[in-house]
Amino acid sequence: ASIVLLLFVTFFLLKDGEGIWAWFLKAFGTVAPRVDRAGRTAWVTLSHYVQGTVAVAAVHGVLMGIVLAVMGVPLWAALAVLIFLASFIPIVGIFFAGAVATLVTLGAKGPIYALIFLGILVVEQQLENHVLQPLIVGRALHFHPLAIIIVLAVGGILAGIAGAVVAVPIAAILYRAVPELFRDAPPQLPRGPDAAPPAPPTPPDKPAQAAGPLAPTSGKPVRPGPA
């Protein structure tokens with residue numbers, strides 16, 4: 001039921017997103033422009049976070065896929081995809097995907113290859129957490145790498161795995177969107193000397209004069225001619 005509701009809501013947000021957002025802004029009255037700026041800034045920030053996370057997960061999946069392929073482990077492509085998807089879930093995701101890949105390597109190649117793969121996985125995971133994610137995701141969000149690490153730690157301590165998953169996007173959205181609620185719109189700049197002058201107002205149309213033999217066409221009266 002939750003998945004069906006999720007698909008239903010997603011469909012209508014993609015189809016009528018602008019209309020739904022415009023309807024939502026009507027509830028804020030005079031502060032609607034501020035809320036609009038904050039909402040659009042939050043959406044751009046979330047988009048950058050997703051793009052950076054996909055890039056990090058892709059690097060992780062490709063590297064582990066290459067290691068498994070070089071070792072000759074069967075189903076290396078499927079395991080690489082599993083590692084890619086699990087990289088979206090901090091901490092627990094990589095433990096699950098790494099355990100599956102290590103067990104497959106152990107069953108196919110023996111304990112030596114399994115230990116080698118486990119060591120490479122741990123080293124690469126540490127590089128991802130402390131180098132790739134802070135650099136790529138932090139650059140996409142304009143966050144310092146230290147801020148990424150602290151936010152992940154605080155989110156994990158306060159709310160466990162779920163907190164670690166949503167800590168960075170929530171912090172980035174609040175960091176970017178909240179100032180937009182209190183920022184005034186930029187004032188209009190004065191017109192420069194090179195700016196085109198405003199168009200003169202259009203004069204109102206004069207009422208048409210009645211046509212006839214006695215209607216004057218100039219300053220002199222018109223005399224009727226012979227029939």
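Reader: Which residues have the most contacts inside the largest nonpolar core?
Author: M64 and F117 do, in a core of 13 residues. This is a predicted model.

Reader: Which helices supply that core?
Author: At least two residues each come from α2 (32-71), α3 (76-86), α4 (92-109) and α5. The largest share, four residues, is from α2.

Reader: What is F117 in contact with, leaving aside neighbours within four places in sequence?
Author: With M64, V67, L68, M71, G98, A101, T102 and T105.

Reader: Overall fold, then. How many helices and strands?
Author: Six helices and zero strands. Along the sequence the pattern reads α-α-α-α-α-α.

Reader: What share of the residues is buried?
Author: Of the 227 residues in the protein, 26% are buried.

Reader: And how many of the contacts join residues at least 24 apart?
Author: 58%, counted among contacts between residues at least 6 apart in sequence.

Reader: Back to helix pairs. At what angle do α5 and α6 pack?
Author: About 40 degrees, and their axes are 7 Å apart. Here α5 covers residues 111-141 and α6 covers residues 145-182. Angles under 35 degrees would count as roughly parallel, so at this angle α5 is oblique to α6.

Reader: Which residues make the contact?
Author: On α5 they are H130, Q133, P134, L135, V137, G138 and L141. On α6 they are P145, I148, I149, L152, V168, A172 and R176.

Reader: How do they divide into nonpolar, polar and charged?
Author: Ten are nonpolar, three polar and one charged.

Reader: Take I149 of α6. What does it touch, not counting residues up to four places away in sequence?
Author: I149 touches H130 and P134.

Reader: Why does I149 count as partly exposed?
Author: Because its relative accessibility is 34%, and buried would need under 20%, exposed over 50%.

Reader: Last topic, confidence. What is the mean pLDDT of the protein?
Author: The mean is 81, and 81% of the residues reach 70 or more.

Reader: Which element has the lowest mean pLDDT, and which the highest?
Author: α5 has the lowest, at 82, and helix α1 (residues 2-25) the highest, at 92. Where pLDDT is low, the predicted coordinates should not be read in detail.

Conventions
Residues numbered from 1 in each chain as written. Predicted model: local features only at pLDDT ≥ 70, side-chain atom pairs only at ≥ 80, totals over all residues. Heavy atoms only, no water. Axes fitted to C-alpha atoms, helices over the stretch in contact; angles between N-to-C directions. Parallel < 35°, antiparallel > 145°, perpendicular 65-115°, else oblique. Contact = heavy atoms within 4.5 Å. Nonpolar A, V, L, I, M, F, W, Y, C, P; charged D, E, K, R; others polar. pLDDT = per-residue confidence, 0-100. Core = buried A, V, L, I, M, F, W, Y, C linked by side-chain atoms within 4.5 Å. Buried < 20%, exposed > 50% of the residue type's maximum accessible area, 1.4 Å probe, protein only.
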